[in-house]
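Subject: Handing over the structure

Hi there,

Here is the structure I promised to pass on to you. Have a look at it first, and then read on for what turned up.

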Amino acid sequence: MKHYLLAMFIVLPMLLFGQQKFTISGYVEDSDSGEKLLGVNIYDANSGSGTVSNTYGFYSLTLPKDSIILSISYVGYDTRYYKAYLDKDISMNFKMGSDVALEEVVVVGEKFEKIEEETRMSTVGVPIETIKSIPALLGETDVLKVLQLLPGVQSGGEGQSGLYVRGGSPDQNLILLDGVPVYNASHLFGFFSVFNADAVKDVTLTKGGFPARYGGRLSSVIEINMKEGDKDDWHGTGSIGLIASKLTIEGPIVKDKTSLLLSGRRTYIDVLARPLIKAQSEGQSEAGYFFDDINAKINHKFSEKDRLFLSLYTGRDKFGLTERYDFNGNENKTGFGLQWGNLTGSMRWNHLWSNKLFSNATLTYSKYKFTTSALDEYSFDTYDSEFSLDYDAGIEDVGAKIDFDWVPNPNHFIRFGGSVVAHDFNPGLFNIFSSEKENDVEVFKIDTVLGQKEVYATELAVYVEDDMKIGERLKANVGIHVSGFNVRGKNYASFQPRIGLRYLLDSGLAIKASYSQMRQYIQLLTNEGIGLPTDLWLPSTDKVLPQDSWQAAIGVAKTVKKDYEVSFEAYYKEMSNLTAYKEGSSFFQLGPWEDRITQGSGTSYGGEFLVQKKKGRLTGWVGYTLSWSFRQFPGLNLGREFPFKYDRRHDISVVGTYKINERISVAGTWVYGTGNAVTLANSVYNGDYSPVELIQQGEIPVTAGQNFFGPNRLEFYNDRNDFRMRAYHRLDVGVTFTKQKKRYKRTWAFGAYNTYNRKNPFFIFVGSDPQTDKNVLKQASLFPVIPYFSWKFEF
Amino acid sequence: MKTSNYIFLFLMILSFWGCEDFFSTTIDVDPPEYTPQLAATAIFNSTDTTVQVYVDNSKDIFASRRFGGGGESGLDGATIEVVRGNGTISTFGSNSFEGIYQGFLSAFEDNEEITINISHPDYETITATQKVPTKVIPTNYRYIENAGTDEYGYATSGVEITFDDPPGESNFYEVALLFKDSVLTDPINEIYEYYFNQTYNTSLDPNASQGPNYSDLFVSDVGFDGDKYKLLVQFEDYGDQSNSLVVVFNSITEARFKYAKSLRAFSDSGDFGPFGEPVTIFSNFENGLGTFGFGNPHIEEL
């Protein structure tokens with residue numbers, strides 16, 4: 001017995017001692033700019049445990065007391081190694097340097113751990129360097145249009161920046177700029193997105209398998225993070241292009257403590273066109289259009305445990321037209337203006353509570369406003385009149401949220417948090433003013449406000465998720481997202497379970513599966529086509545139910561020959577309480593918006609195949625999507641199911657960049673998509689319905705049957721959206737010439753959009769053929785081949 | 001390779017475009033396929049002393065640019081056969097004029113099943129069946145002199161109609177108010193001829209909406225199935241007290257309701273041009289287009 005007790009006293013402490021664990025934690029950042037790096041692999045070769053850095057570059061890895069050999073790897077950077085004996089908690093920051101030797105061009109997906117390692121599926125990170133290397137319309141780099149090149153993501157129409165993700169509509173995408181929702185992400189009626197690529201650090205698209213921390217939209221989450229600003233040196237980039245110029249500067253305000261980034265972009269269509277219009281109208285007319293963006297960010301490090309980020313974005317589109325006539329004493333001035341834009345701001349505070357617990361608290365503000373105005377002034381002799389009409393609509397949000405990352409041990413990465421957002425919806429107000437004067441004495445005046453009342457709503461959400469490792473082969477991300485919405489005294493609540501699984505086979509092939517439920521309390525009242533600024537964000541109400549969806553996906557992923565990531569995913573998504581305009585109504589219609597819409601359901605399913613090459617001179621990807629997407633509304637198409645307008649059976653994208661040498665690289669993209677579905681009548685007939693006719697029959701009136709006075713011409717189509725426009729395909733090519741000058745580096749970029757001048761469909765209409773006197777179906781195209789060039793400098 | 005060579009190569013590639021006419025922004029595309037069919041409108045009431053059927057054939061929308069604007073002739077030469085629930089068959093067709101066919105039928109019974117077959121030598125025969133809906137008789141009418149304003153802000157009078165909606169089934173109603181007027185046609189014998197003027201009926205009731213002719217109201221019981229319901233029908237009252245008001249409360253089939261609603265939506269859509277949402281015109285004819293609808297009206301003179 002004594003021996004047993006002795007052994008116990010000796011062995012037990014050893015066991016306890018052997019189980020003792022310590023944590024190594026810190027930040028990973030770029031050694032040149034100090035930008036925090038997201039998704040860096042930190043792996044201990046001795047224990048086989050690892051983790052990845054979060055959005056703010058923070059990592060935490062808890063390991064048994066032992067010697068450790070950490071490899072810190074991130075594609076595009078040199079792998080770093082760190083050796084230590086872990087017998088206490090260690091705080092260690094890593095600085096990553098560029099991997100010049102590999103000459104890597106950063107491509108899609110590279111920012112994450114190996115594709116077969118991660119649990120998440122249906123997620124793609126797009127580094128900004130990739131976005132900048134792809135040829136673009138008029139040379140204007142566009143973040144959202146690059147996302148359209150990924151499997152499962154489609155564009156609406158020619159040149160449009162709206163995203164249709166897995167059969168969803170654009171309002172089902174949550175677009176976050178530094179954590180703040182951006183409600184209207186397009187300039188120039190949707191041809192350009194509002195995101196200035198020079199100010200963007202990275203972009204991540206999640207189109208399914210949503211972790212519990214995401215909520216509020218059905219189809220996707222697009223996270224766009226702005227650069228933080230170089231903490232060590234002042235840098236700048238700028239470009240002069242065909243339609244816009246940009247300038248970005250960044251640098252330390254207080255070295256290694258406070259940094260600033262400031263970026264601006266403006267188009268000059270108005271500057272170029274104004275003299276021409278003025279000359280054409282002999283000085284009587286002026287017209288102009290421009291858009292601009294300003295991004296600003298301040299990053300301050302209070303200590304190793306506390307950091308503060310202030311970020312701001314403002315952008316607007318402005319169109320104006322004025323005409324003046326002065327004829328024989330009659331003076332007339334008319335004007336029309338349109339302006340719309342976003343203002344977003346956020347203040348984020350990162351705090352390290354311990355080496356295992358990290359938090360990010362954020363205050364957010366987002367505003368989208370659309371205004372239009374019309375003016376008519378007239379004067380003759382002693383008579384003066386003035387009429388003005390102003391209309392404004394929009395949405396304004398104020399929110400707060402807090403997110404925690406807790407890494408209790410290498411097998412669990414727990415995230416939890418909550419948010420509250422106060423929405424203020426303005427469905428549209430008219431200010432009307434009219435006055436008439438005789439000899440400066442007012443004889444008539446109207447000054448009134450018409451329109452619909454603002455709607456206030458509050459949205460709440462809490463979540464918890466655990467990214468867990470169960471044995472060597474199985475990983476799971478399990479969580480729940482709970483949300484609530486209060487509007488006009490009506491309360492909605494939703495419990496949304498989320499799960500993602502990954503199982504690794506011996507062959508290195510990962511099998512992944514996910515299931516997620518989502519709910520959306522706000523929707524965009526829009527026409528299904530051009531992204532007009534008149535589109536209205538409106539809440540769920542007692543009459544309009546919140547949208548719901550569930551999505552299941554299964555797929556496989558593997559890295560082949562080190563350089564190629566191959567993945568295939570199949571998904572199925574069901575959506576309910578989707579909104580659409582009622583038959584016969586229009587977005588031009590006045591009256592209560594709730595009376596104009598109807599609700600129904602949607603289904604989409606398909607498969608997505610993606611091969612990416614990440615390293616070497618040639619980089620790029622090939623994506624293919626086979627998909628189906630349908631809608632069914634009791635009030636549309638006689639209740640029958642019909643294809644979604646953007647139901648696209650085949651969608652192919654080929655993207656490649658080839659680096660000929662250090663100075664020259666060429667790039668190209670080719671896209672193909674099945675034509676969009678449109679509703680088109682194929683025949684006409686006459687029909688009628690007369691009001692009740694009565695005749696007197698003896699003492700009583702009786703019905704007299706129908707009287708067909710003049711039957712109406714009615715149009716017949718088999719089903720809504722049953723006609724397909726021509727297939728869309730396009731080749732864009734570009735070439736860049738880069739040269740290091742004495743004080744700066746310059747890059748010339750040349751290229752062409754739609755290089756082989758494909759007449760892609762923009763819309764179709766019924767025209768006439770003067771030769772045969774018959775109607776003919778015609779297709780209008782928008783962009784022929786459009787060459788571009790730009791000059792860019794970096795210092 | 002020199003930079004200039006790359007530029008030259010790039011320009012060469014660009015010069016290869018032009019497979020299609022470069023400056024053209026519109027091209028002709030193939031229209032959707034089309035099969036000519038019979039299209040008919042047959043809206044009957046149980047109390048109709050005569051019935052009319054309008055027959056047309058669907059035409060290729062691209063056949064002629066002159067087609068359009070309405071008012072074109074319908075299709076003559078069709079035969080219309082009405083098969084009653086009691087087995088009797090009535091056929092008419094020889095008296096058609098520009099697609100309008102007239103028949104004389106005896107009154108219909110509640111729940112009687114009626115089938116209409118329309119045939120033409122050049123087209124496939126089309127068929128539709130309707131069951132005469134059960135007549136719902138309002139239990140009360142209340143005239144309201146000042147019934148508030150309509151959606152356009154005009155002062156209205158109104159009639160509040162109370163009725164018991166049959167529970168557990170979908171019911172549809174078409175409601176109209178008409179002024180009854182008379183003209184003395186034989187002063188010696190004091191014989192009057194009566195006629196009925198339609199009014200512009202409207203309602204703020206969420207379950208009611210105007211039909212294609214902007215007078216009759218169409219009501220679905222989705223929001224009040226099985227309830228005792230009060231429907232306020234508003235109209236602009238011009239104050240001619242010599243006229244009496246006639247209420248037509250018509251229990252109609254779902255087909256008739258849907259056809260009328262879709263015609264109204266089609267008309268509204270046309271007001272917005274290309275920005276109007278497309279409308280599917282309701283049809284219940286097998287092998288063809290158009291609608292056979294039925295009504296069972298109760299008429300009350302207030």
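Two strands are said to pair if DSSP finds at least two bridges between them. Strands themselves are DSSP runs of E with at least two residues, helices are runs of H or I with at least four, and both are numbered from the N terminus. Strands of a sheet pair through backbone hydrogen bonds, either parallel or antiparallel.

Two notes before the findings. This is a predicted model, in which local features need pLDDT of at least 70 and side-chain atom pairs count only at pLDDT 80 or more, while totals for chains, interfaces and linings use all residues. Residues are numbered from 1 along each chain as its sequence is written, and chains are lettered from A and ligands numbered from 1 in the order in which they are written.

Let's start where the chains meet. V684(A) stands opposite K59(B) in β4(B). The strands β42(A) and β4(B), the latter spanning residues 59-60, pair in the antiparallel sense over 2 bridges. Taking contact to mean C-beta atoms, placed from the backbone, within 7 Å, 66 residues of chain A are in contact with 83 residues of chain B. On the chain A side, β50(A) gives the largest share, 7 residues. That side divides into 33 nonpolar, 23 polar and 10 charged residues (nonpolar: Ala, Val, Leu, Ile, Met, Phe, Trp, Tyr, Cys and Pro; charged: Asp, Glu, Lys and Arg; polar: the others, Gly among them).

Elsewhere in chain A there is an open sheet of 5 strands with mixed pairing, in the order β9-β16-β17-β12-β13. Its edge strands are β9 (123-127) and β13 (180-181), each of which pairs on one side only. β12(A), residues 173-177, runs antiparallel to β13(A), joined by 2 bridges.

Is D535(A) buried or exposed? A residue is buried if 20 or more other C-beta atoms, placed from the backbone, lie within 10 Å of its own, exposed if 12 or fewer, and partly exposed in between. D535(A) has 23 C-beta neighbours inside 10 Å, so D535(A) counts as buried. You will find D535(A) in the loop between β32 (522-525) and β33 (536-539) of chain A.

Finally, chain B. An automatic or database domain assignment gives domain 1 (38-131) and domain 2 (140-252). Helix α2(B), residues 254-271, has 18 residues. Of these, 13 are buried, so α2(B) is largely enclosed by the rest of the structure. After α2(B) comes G273(B), with a positive phi near 60°.

Enjoy exploring!

Conventions: The expected span of a helix is 1.5 Å times one less than its number of residues. Two residues are in contact if their C-beta atoms, placed from the backbone, lie within 7 Å.
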